[in-house]
Amino acid sequence: MNTSTILPPTAPAVQEKFLQGMARKAQSSAGNNSPSDSGSDDDTTSYEGKSTSDYSGGASCCSSDAEAASDDELASSGEVSMTAFEAEEKMVSLFLPPQHAEFASAEASALTETLNEIEEEFMSNAKVAAPNTAEAELIAFYHGTEMDEEPAEVEAYLRDTITPMVEHSVHCCAPTMIGHMTTSLPYYMRPLAKLLTTLHANNVKVETGKASTFVEKQALAMLHRELFHLDEQFYAVESKKANVALGVVTSGGTIANNTALWIARNRCLPADGDAFRGCDKQGLVAGLLHYGYRGACVIGSEVMHYSMKKSADVLGIGTEGLRTCPFGADYRVDVGAMREQLILCREQKIAVLAVVGVAGGTETGSIDDLRAIADLAQEFDVHFHVDAAWGGPVMFSEQHKHMIAGMERADTVTLDGHKQLYTPMGCGICFLRDPKHISAVEKTANYIIRKDSYDMGKFTMEGSRPAVSLFLHANLKIMGVKGYGALVDRSIRMVRYMVSALRATGKFETVLDPMTNILLYRYLPEEGGLREAALAGHVLSAEQNAAIDTANISLQNAQKRAGKTFVSRTTIFSPVQKVRLVGLRVVIANPLTTESDIDNTLADQLAIADSMFCTKSS
Ligand SMILES: Cc1ncc(COP(=O)(O)O)c(C=O)c1O
């Protein structure tokens, strides 16, 4: 394979600009800051003409000339090879803040300029992806597995890695990228992300995330209030406490779900005096034996996210410990079946760690009857968790929040910042209705996360953790309840528009009538009377459904390859056709997606389908 085929055409131009910028900046730096007026006594410690100055002592304070001389022997072949001293000098220069390193500053400015251009070009590109890049090509392109011995130049990295990577990245913010849960982000997120990197805060503890810990606690309290609507007094007291948590910030919905079930497991098998010191100390098996159980499980819908399987595995109940219940025609869980499971568990002496309600199924957007599940949890005295990673923000919509009623009765709720709360990737939250329940998983350590500190690391599964809650806080403050509500209304309206648009073509059928902003549908090939039969509302044979599946898989792959527009696909049980079938999946939450983007996506898809399946009616 010729790996050069994926090298972007823009690479040389970008590199040239970068080098021009570098030369400009270096010239002006040299003119304005000669060694004699730099104020430094340390100008002899330079590498390739770059003064590294003596900020924080620089490299010279920890390297003697003698060491440098002996390190010279490490220089290998006749090629340009750095001494250990030079390598150290160069490494230190990489870390200098701009105001203390004129040449580094010139490089950084040139780099920023070039990255800004790359970013702008990426964002103004209407395509979803570069066409026809095979994954095999990418794996071949990024093939080297040996680290370079010598440090490299930043511009070389930019040219060789960043530029082709961007060129072949999926444009997750594109308005016609309507297949996954990624969206565009508010404009202020990009500069805020840069600031976060500059702060390099670590919210595991106040000693490294001082103000940002309290920004996080405020964001958690604001969202907790929107979720659970507890009274003024509760928030006045609980939001200020150090030894409880209204919620914990995680890297995403997976860890938020895992945290919720971790709390649920430990609460289900609590300490019992000296006889049992608690599940957190003695483990699941000892807890089950102590309480006379024969096993443990979690009960929820068949549409529960696969992260529940990961949690079940990690928490010691195994994936078979997930007792999944069927759904009805609307993909909402059959609450009657949940009740039967609860009764069965009681009879079988199986501990039910939690019942789970889904608020926004990943493939279906469906929201379970959370009120009914809350009633069940109360009746059977079981922890109630709601996975609202996707659908939680429906609570902000005056028009649609009735669908999510009952969520406020959950013991724990998962929300994802990086989904419909519009933060950059890496932000999930597990909320606790009763903040004291966090004690079920609390851990402390002497050097950090001390008992009475405000350190959030006492409660989080993760240790070191970026202060991404700043993104959440910014959106909560800047968008407000009304802003989020407007976006939820808009997304649901767009999906409904898409339903009518695809029905108007007479070539597609919906697989589910969307409850929120996720839609499943399929293309109906004309061949063999498939389209006619399906549109007439017939239940098709297994062979007919399989033929439609094959067509939809090919169609989705071809559309993805072409790169202009994108919808995803899944396989799901159809309550209408009574078989598992392939559905094209649309997720619309990008505020920049308009009706015409939807029309364009459908037109693109139809043009591909017509060319593939040779329909006459196109
Ligand atoms: C309902 C639901 N729960 C949990 C998750 C897991 O979230 P993450 O990918 O942020 O870990 C997802 C992700 O799509 C989801 O849709």
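Reader: How do α17 and α18 lie relative to each other, roughly parallel or oblique?
Author: In this predicted model, helix α17, residues 542-562, packs against helix α18, residues 595-613, at an angle of about 120°. Angles over 145 degrees would count as roughly antiparallel and 65 to 115 as roughly perpendicular, and α17 and α18 are therefore oblique to each other.

Reader: And how far apart are the axes of those two helices?
Author: The axes of α17 and α18 are 10 Å apart, and α17 passes α18 in a right-handed crossing.

Reader: Which residues actually meet there?
Author: On the α17 side they are A551, S554, L555, A558, Q559 and A562, and these meet D604, Q605, I608, A609, M612 and F613 of α18. Sorted by class, the contact of α17 with α18 holds 8 nonpolar, 3 polar and 1 charged residues.

Reader: Switching to α13 and α14, at what angle do their axes cross?
Author: The axes of α13 and α14 cross at roughly 15° and come within 10 Å. Since angles under 35 degrees count as roughly parallel, α13 and α14 are therefore described as roughly parallel to each other. The passage of α13 over α14 is a right-handed crossing.

Reader: What makes up that contact, residue by residue?
Author: From α13 the contributors are V335, M338, R339 and L342, while α14 supplies A372, I373, L376 and F380. By class, the residues in the contact of α13 with α14 divide into 7 nonpolar, no polar and 1 charged.

Reader: What are the pairings of β6 with β4, parallel or antiparallel?
Author: Strand β4, residues 295-301, and strand β6, residues 350-358, run parallel and are joined by 5 bridges. Within this pairing, G295 stands opposite I350, and A296 has A351 as its bridge partner.

Reader: And how many bridges join β6 to β7?
Author: There are 4 bridges between β6 and β7, and these two strands run parallel.

Reader: Now for β10 and β11, which way do they pair, parallel or antiparallel?
Author: Strand β10, residues 508-512, and strand β11, residues 518-523, pair in the antiparallel sense over 4 bridges. A hairpin of 5 residues joins β10 to β11, and F508 has Y523 in β11 as its bridge partner.

Reader: Turning to the backbone, what is the phi of D381?
Author: D381 has a positive phi of about 55°, although it is not a glycine. As background, most residues other than glycine have a negative phi. D381 lies in the loop between α14, residues 370-380, and β7, residues 384-387.

Reader: Is D381 buried or exposed?
Author: D381 is exposed, with 8 other C-beta atoms within 10 Å.

Reader: What about K578, what is its phi and where is it found?
Author: Phi of K578 is near 60°, again a positive value in a residue other than glycine. K578 is found in the loop between β12, residues 568-574, and β13, residues 579-587. Because 12 or fewer neighbours are needed for that label, K578 counts as exposed with its 12 C-beta neighbours inside 10 Å.

Reader: Finally, how many helices and strands are there in the chain?
Author: The chain has 18 helices and 13 strands. Buried residues make up 42% of its 618 residues, and among contacts between residues at least 6 apart in sequence, 71% join residues at least 24 apart.

Technical notes. Residues numbered from 1 in each chain as written. Predicted model: local features only at pLDDT ≥ 70, side-chain atom pairs only at ≥ 80, totals over all residues. Pairing = 2+ DSSP bridges. Buried ≥ 20, exposed ≤ 12 C-beta atoms within 10 Å, placed from the backbone. Axes fitted to C-alpha atoms, helices over the stretch in contact; angles between N-to-C directions. Left-handed = near helix turned anticlockwise from the far one by under 90°. Contact = placed C-beta atoms within 7 Å. Nonpolar A, V, L, I, M, F, W, Y, C, P; charged D, E, K, R; others polar.
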